[in-house]
Amino acid sequence: MELAGITKRFPGVVANHDIHLTVRRGTVHALCGENGAGKSTLMKILYGMQKPDEGTITLDGEQVSLHTPADAIARGIGMVHQHFMLADNLTVLENVVLGAEKMHGIGNKARARIKEISDAYGLGVRPDVLVEDLGVADRQRVEILKVLYRGARTLILDEPTAVLVPQEVDALFDNLRELKAEGLTVIFISHKLGEVLSVADDITVIRRGTTVGTAIPSETTPKQLAELMVGEELPSPETRESTVTDVPMLTVDGLHLSATDSDGVVRAVLDGISFTIHKGEVLGLAGVEGNGQAELVEAIMGMRHPDGGSVTLDGADITQAPTRKRREDGIGYIPEDRHRHGLLLEAPLWENRILGHVTEKPNSKKGLIDIKAARADTERIVREYDVRTPGIEVTAASLSGGNQQKLIVGREMSHEPKLLIAAHPTRGVDVGAQAQIWDQIREARREGLAVLLISADLDELIGLSDTLRVMFRGRLVADADPATITPEELGSAMTGAASGHLEHHEAGEAPEAPEAGETPEAGKAPKAPETPETPESPESSESSESSEDSENPNENPNENEEGGDAK
Amino acid sequence: MKKFDKNKLILGLAAPVLAIVTALVITSVIIGVTGKDPFHAYQVMVDFGSKSDSQVWIINKATPYYLSALAVAIGFRMNLFNIGVDGQYRIAAFFAAVVGGSLALPGFIQIPVIILVAMAVGAIWAGIAGLLKVTRNVNEVISTIMLNAIGASIIGYLLQDGRLAEKEGNLIHTPYLPDSAHFFEIPTQPKPIFGFVVIAALAGAAYWFVLNRTRFGFDLRTVGRSESAAQASGVSVKRMIITAMLLSGAMAGLVGMPTLLGVSYNYGTDFPTGIGFTGIAIALLGRNNPIGMALAALLWGFLERTGTQLEFEGYAQEIVGVIQGVIVLCVVIAYEIVRRYGLKAQQRKVGEELAAQARKSDKAEASA
């Protein structure tokens, strides 16, 4: 498969520009680049969901034009989306045959075919289980099976590991190797370098919408790859000196919240949640999504009303306070879903700057909106937080995700918050903005801000937090010291396999393993203190920074082995 | 930044212009199909509509339409479809007429009392729908339309000789308001303009000011744009729904006032109906914008005035109804098209400008 000169002008995000990509049959080809670099757009073009403005797609030497996903499927290209497209109330079998009834019917023939595929690639899919009973990893396997069932020989996986804990990622990679061994081609989209290096045969890097280079995993260190991807020195989420004080800022005590789920069963989504965040402390909350983190945040924000327990902010009981009062009292909120909770997409930036702080200065005076001051302050936020926009009159929807997030961070930080609730603050944000957001959180923390950090990025959690808690099924089941814990250990608590105080175990592991664990996604390699701007061309970045390579030597031997297996 | 403003203005005007031009084209075809000359019809309409008595008629007709459109627009601005303005203004005017007819106070007290009663009754009637939505999650479209029917029945029951009304010939109506309750008129020739047009203009200004310049208005618009974001931002969405319905109903209460205080001085079986639905069309056509709705209300009045004249010229009078219907359809479609186009165009533009910036900085770095 070959893509040449693909250009796509696409609203809001970086356009694809002169993309060249060659994928060899029977390999795992990783496509990596920071968020917003244009990976997903490219894949949508390949899957027929978007039409390129320029450029050609060649499959097996034949030039094709893909107008719809159906065209792509007919040519053996299948896509596993980042967000699963499964009907929860149907069985695996029903989900797989849905829309493909003509292939093997909907009965035993289809079931046999599913079994056959599942066994051939070691997917372990059970056809008659309801999808709603499956975990995330299993659902992903169903998605893969769905694509294979339709006869795909080339699979596109869009950020498949984003929703998985480390153990599940390993299992997924085993599946991918099986697929490869059977002669299938896998295009794997990711911005996590450790993963890319461990599973890919070839790597193509995209930056700012264009392909900036290719790499072979066995000859590349994560650092080189990362620099190719970012074009500059990498940031690290690490927090250095502790600023934790013993003044409690937020105290949550015995919080309990029940909710009725889709089956009408009342469940406790928050059960006996108690914790304290002190001034200058970042409390990181780990957990697989859907274990009550969102509900906890909404309860602290006053958007949900818990049926037991109390919330105290800076000595004042706010358990009954409405959301606006809590915000006025100094809770800053970076919501998990910025489109739903953080922005008015069709409103101009300056109105978005007012959102959530309409009663506070400089946005209003005595009940009236102070448009002039709000605009001026929006200009300031745009400048200070490096929001890339041609002006403050454009709608929030026309900014890319990272710039939207910078605007939100700027807004929340502009009201001297006492407590910042940051839910996935750097999700969908490019590396540059990520570093900035981390810096801002660290900066504010030094000044006595208390932060509740929720993130699916375990490195971010471990790097930024002073204290770690693990949430599982609505309870805080474990705590850990971010200084010693590894993502793998945290991951096992996130799946409920471990609880209590997590101790870092070194004894049972190979000597180099702990070190590997600390930088498993080696893209987040420690930052060199005063690196000037790194030259951007691929050649120069490969040769530069060789002094840092020794930090991740353990990644390479594995890669060589796997590369060997593949060929 | 200036460029964006200009584009915004062009886009803002594009939709109504597009809608009216399309409507004219479609109507011309329809008139043509009936075998008549469409351009002569327009000529007749313009000539007749620009006569001075027509102008007075149009303004007097447009005043309640405008108030009705404001009432609908308050709901629209926060994604509430108050389809019950019709019932609200009628029941409000009815009770205002009853109260007004039974009091004999000096005008400067009498008139405000009548207006306040109307606003209060309208607010209560709309508030029921708000309450049902908040407590029982009843869609406001369903509840307001049912409240229209209930309101009509209540009026029907009370508007009987011996209850709250009296009989005069074939007509049954509430007792006449005392002379002190007659609203002032603007002495124009050949007929006066209702003084209530001033109240309508003030209501329009208040609508603009409250929505665009106050915290409350910001909160209201926030709910309209995104309920989830509004809630996260600290707006109590439920309270806002009730407040907006109350305001919308209070505004609806004003709709019957030009008629009650300026023409009929009572509420009878011949009290005008259907203005609430006209208000929906006008609010749509005027984009919820106070000026836009005023123009739309005048256009509506113009069409109705000149429609009668078309009949004398041998055209079917229904042609005006067709024009109105086609305009509303065109408006809804045109706005959606223009809105989507505008959003896309802006996104593309932002993307291009940023890409250009990035390329420039790339080059700068490369040459450095």
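These legends walk through several close-up views of a predicted two-chain model.

Residues are numbered from 1 along each chain as its sequence is written, and chains are lettered from A, with ligands numbered from 1, in the order in which they are written. Because this is a predicted model, local features need pLDDT of at least 70 and side-chain atom pairs count only at pLDDT 80 or more, while totals for chains, interfaces and linings use all residues; side-chain values use heavy atoms, with hydrogens and water left out.

**View 1. Chain B as a whole.**
Chain B holds 14 helices and four strands; helices (H or I, at least four residues) and strands (E, at least two) are DSSP runs, numbered from the N terminus. Its C-alpha trace spans about 95 × 55 × 35 Å along the principal axes. Of the 368 residues in chain B, 48% are buried, where buried means under 20% relative accessible area, exposed over 50%, and partly exposed in between (1.4 Å probe, protein chains only). The accessible surface of chain B is about 17100 Å², and carbon and sulfur atoms own 66% of that; such areas come from the Shrake-Rupley method with a 1.4 Å probe, and for residues only the protein chains shown count as cover. Among contacts in chain B with a separation of 6 or more, 75% link residues 24 or more positions apart, a contact being heavy atoms within 4.5 Å.

**View 2. A nonpolar patch that includes Leu9(B).**
Follow Leu9(B), Leu13(B), Val17(B), Val21(B), Val25(B), Val29(B) and Val33(B), and you trace a nonpolar surface patch of about 680 Å². Patches take residues with over 30% relative accessible area and no salt bridge, joining like charges within 9 Å and nonpolar side chains (Val, Leu, Ile, Met, Phe, Trp, Tyr) within 5 Å. Leu9(B) sits in helix H1 (residues 2–33) of chain B. With a relative accessible area of 57%, Leu9(B) is exposed.

**View 3. Inside the largest nonpolar core.**
Which residues touch the most other members of the largest nonpolar core? They are Leu67(B), Phe196(B), Met257(B), Leu261(B) and Met293(B), in a core of 97 residues. Helix H3 (residues 52–77) of chain B gives the most to this core, supplying eleven residues. A nonpolar core is a set of buried Ala, Val, Leu, Ile, Met, Phe, Trp, Tyr and Cys residues joined through side-chain atoms within 4.5 Å. Not counting residues up to four places away in sequence, Leu67(B) touches Phe196(B), Ala200(B), Ala203(B), Met251(B), Leu254(B), Val255(B) and Pro258(B). Apart from this core lies another, of 51 residues, among them Ile408(A), Ala480(A), Leu502(A) and Phe218(B).

**View 4. Where chain B meets chain A.**
The contact draws 35 residues from chain B and 43 residues from chain A. About 3400 Å² is buried between the two chains, with 58% from carbon and sulfur atoms; buried area is the accessible area (1.4 Å probe) that two parts lose on being put together, summed over both. Four salt bridges cross this interface, each defined as a side-chain nitrogen of Lys or Arg within 4 Å of a carboxyl oxygen of Asp or Glu. One salt bridge pairs Arg339(B) with Glu346(A), their closest N and O atoms being 2.4 Å apart. Arg340(B) and Glu336(B) also form a salt bridge (3.1 Å, N to O), and both lie in helix H14 (residues 318–367) of chain B, four residues apart. Arg340(B) is exposed at 53% relative accessibility, whereas Glu336(B) is partly exposed at 31%. Shared partners join Glu346(A), Glu336(B), Arg339(B) and Arg340(B) into one salt-bridge network.

Arg380(A) and Asp377(A) lie three residues apart in helix H14 (residues 371–384) of chain A, about one turn of the helix. Glu384(A) and Arg380(A) are also separated by about one helical turn, because they are four residues apart in that helix. Is Asp377(A) buried or exposed? At 12% relative accessibility, Asp377(A) is buried, while Arg380(A) is partly exposed at 22% and Glu384(A) is partly exposed at 47%.

**View 5. Met301(A) and its surroundings.**
Met301(A) belongs to helix H10 (residues 293–301) of chain A and is buried, with a relative accessible area of 0%. Its contacts beyond four places in sequence include Thr323(A), Tyr333(A), Ile421(A) and, from chain B, Ala232(B).
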